[in-house]
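I opened this model to look up its charged pairs and its nonpolar packing. My entries follow.

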Amino acid sequence: MTEQTLILIKPDGVQRGLIGEILHRIEAKGYEIKAMKMLDASEELLAQHYHEHVDKPFYPSVVEYMTSAPLVAAIVEGDRVVEGVRSLAGATDPTKAAPGTIRGDLGRSWPGDSIFNLIHSSDGVESAQYEISVWF
């Protein structure tokens, strides 16, 4: 079943010059990039994207991190792409992410409150549809 998902190459991925590497891994898996743009995320856009986290104590550090530099938003398409891209991304904590995953190979822990983990990917088909509507 063909699906679409949203990925965000987060500011640390952009700043470290990993856009091509991350997209290469997604394309090498056989998924297709259907749309892509680089932008500076606004606080309003992030509030829509992270609507379920806005009132949580860690949210201000997420906004600070996600507005610290440009990011890349992309729509990725393929069979079971939501599950597949999440598998490629690896565990949220890059120190615990398995080798072979984007976060496991390219990420690590950095000082501070934010988890610099290179990539966001939608966690389900419905959330992907919502997130794509927010970013595109």
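**Salt bridges**

I began with Lys 34, which is partly exposed at a relative accessible area of 42%. My cut-offs: buried is under 20% relative accessible area, exposed is over 50%, and partly exposed lies in between, with a 1.4 Å probe and protein chains only. The model is predicted, so I kept its limits in view: local features need pLDDT of at least 70, side-chain atom pairs count only at pLDDT 80 or more, and totals for chains, interfaces and linings use all residues. Residues are numbered from 1 along each chain as its sequence is written, and side-chain values use heavy atoms, with hydrogens and water left out.

I looked up the partners of Lys 34 next. A salt bridge here is a side-chain nitrogen of Lys or Arg within 4 Å of a carboxyl oxygen of Asp or Glu. Glu 32 pairs with Lys 34, with the closest N and O atoms 3.4 Å apart. Glu 32 is partly exposed, at 43%. Glu 77 also bridges to Lys 34, at 4.0 Å between the closest N and O atoms. That pair links distant parts of the chain: Glu 77 sits in strand 3 (residues 71-79), Lys 34 in strand 2 (residues 32-39), 43 residues apart. I take strands (E, at least two residues) and helices (H or I, at least four) as DSSP runs, numbered from the N terminus. Glu 77 is partly exposed at 21%.

How many salt bridges does the structure hold? I noted five. One of them joins Asp 105 to Arg 25, with the closest N and O atoms 3.1 Å apart. Asp 105 is in helix 6 (residues 102-106) and Arg 25 in helix 2 (residues 19-28), 80 residues apart. Is Arg 25 buried or exposed? Arg 25 is buried, at 17%, while Asp 105 is partly exposed at 38%.

**Nonpolar cores**

I then turned to the packing. A nonpolar core is a set of buried Ala, Val, Leu, Ile, Met, Phe, Trp, Tyr and Cys residues joined through side-chain atoms within 4.5 Å. The largest has 19 residues, and Ile 7, Ile 22 and Ile 26 touch the most other members. Strand 1 (2-9), helix 2, strand 3, helix 5 (81-89) and helix 6 each give it two or more residues. Helix 5 supplies the largest share, four residues.

I checked the contacts (heavy atoms within 4.5 Å) of Ile 7. Beyond neighbours within four places in sequence, they include Leu 23, Ile 26, Val 72, Val 85 and Ile 119.

I also logged a second, separate core of 18 residues, with Leu 45, Tyr 65, Ile 75 and Trp 135 among them.
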